[in-house]
Amino acid sequence: EAHPEMLLAGERNGKILPGFDFGNSPSQLEHADLRGKTVIHTTSAGTQGIVNATQATQILLGSFVNAKATAAYIKKKNPANVSLVCMGLEGKESTREDTLCAEYLQSLLQCSKIDLAKGFEECKQTSGAKFFDEAQKSVFPTEDFYLSLETDIFDFAMCIEKDAGGMFRTVKQEVLA
């Protein structure tokens, strides 16, 4: 209310929050023009992981869409330790897609191979099955399954920083040419 110029995006149990501009659906945001906008984002799992990572030296947001750039950023920084934290379903239950993303990041960091196609098929049968359930289409559109599994389409890492007011913000770090 204090900042009507800002957009709100978020979900609980996959559903858009009352009064919010967007949920957490990639297909809702796919064609949104967010240039120059501030988006305040909250999720059942990911943002909870950020605020609870109190001992982390640095926090990165990793996903399939920026995995290669995230791995390149980590390699460039060359930290002594790297923790890949899968938030899963509400930070309480693992999901195949989050575990697969961590496995993919690990393979990129270790220069090893992983069968993503097989993993994506496993996602359809496990935690991603909700995207193919007609009864859940309004909350989990099928296109969101495919959009969230697009791989290495962005060339930047997403770093989390805390501003002077104590708010977390995402900062793009260009790493790939």
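# Close-up views of a predicted model

**View 1. Surroundings of Thr42.** Leaving aside residues up to four places away in sequence, Thr42 touches Ala9, Gly10, Glu11, Arg12, Leu17, Phe20, Thr47 and Gln48, where contact means heavy atoms within 4.5 Å. The model is predicted: local features need pLDDT of at least 70 and side-chain atom pairs count only at pLDDT 80 or more, while totals for chains, interfaces and linings use all residues. Residues are numbered from 1 along each chain as its sequence is written, and side-chain values use heavy atoms, with hydrogens and water left out. Thr42 belongs to strand E3 (residues 39–42); helices (H or I, at least four residues) and strands (E, at least two) are DSSP runs, numbered from the N terminus. The relative accessible area of Thr42 is 18%, so Thr42 is buried; buried means under 20% relative accessible area, exposed over 50%, and partly exposed in between (1.4 Å probe, protein chains only). The side chains of Thr42 and Arg12 are joined by a polar contact of 2.9 Å. A polar contact is a pair of N or O atoms within 3.5 Å; within protein, one must be able to donate a hydrogen and the other to accept it, and residues adjacent in sequence count only if both atoms are side-chain atoms.

**View 2. The open sheet E4-E5-E6.** Three strands form an open sheet in the order E4-E5-E6, with antiparallel pairing; two strands pair if DSSP finds at least two bridges between them. Strand E4 (59–61) and strand E6 (168–174) are the edge strands, each pairing on one side only. From one strand to the next, the twist averages 40 degrees. E4 pairs with strand E5 (residues 156–162) over 3 bridges, and Leu60 has Cys159 in E5 as its bridge partner. Between E5 and E6 there are 7 bridges, again in the antiparallel sense, with Met158 opposite Lys172 in E6. E5 and E6 form a hairpin with 5 residues between them, and Gly166 in the turn has a positive phi of about 85 degrees.

**View 3. Helix H3 across the sheet.** Helix H3 (residues 67–77) lies across E4, E5 and E6 and runs at about 65 degrees to E5. Axes are lines fitted to C-alpha atoms, for helices over the stretch in contact, and angles run from 0 to 180 degrees between N-to-C directions.

**View 4. Aromatic cluster around Phe145.** One aromatic cluster is formed by Phe131, Phe132, Phe140, Phe145 and Tyr146. The whole structure holds 8 aromatic pairs; rings of Phe, Tyr and Trp (its six-membered ring) pair if their centres lie within 6.5 Å, and planes under 30 degrees apart count as stacked, over 60 as edge-to-face and the rest as tilted. The pair of Phe131 and Phe145 is tilted, at 6.0 Å centre to centre and 55 degrees between the planes. Phe131 is in the loop between helix H5 (116–125) and helix H6 (142–148) and Phe145 is in helix H6, so this pair ties together parts that are 14 residues apart in sequence. Phe145 and Tyr146 form an edge-to-face pair, at 5.2 Å centre to centre and 90 degrees between the planes. Phe145 is buried, with a relative accessible area of 4%, whereas Tyr146 is partly exposed at 42%.

**View 5. Lysines over ring faces.** Lys130 lies over the face of Phe140, at 4.6 Å from the ring centre. Lys172 lies over the face of Phe156, at 4.6 Å from the ring centre. A charge sits over a ring if NZ of Lys or CZ of Arg is within 6 Å of the ring centre and within 35 degrees of the ring normal.
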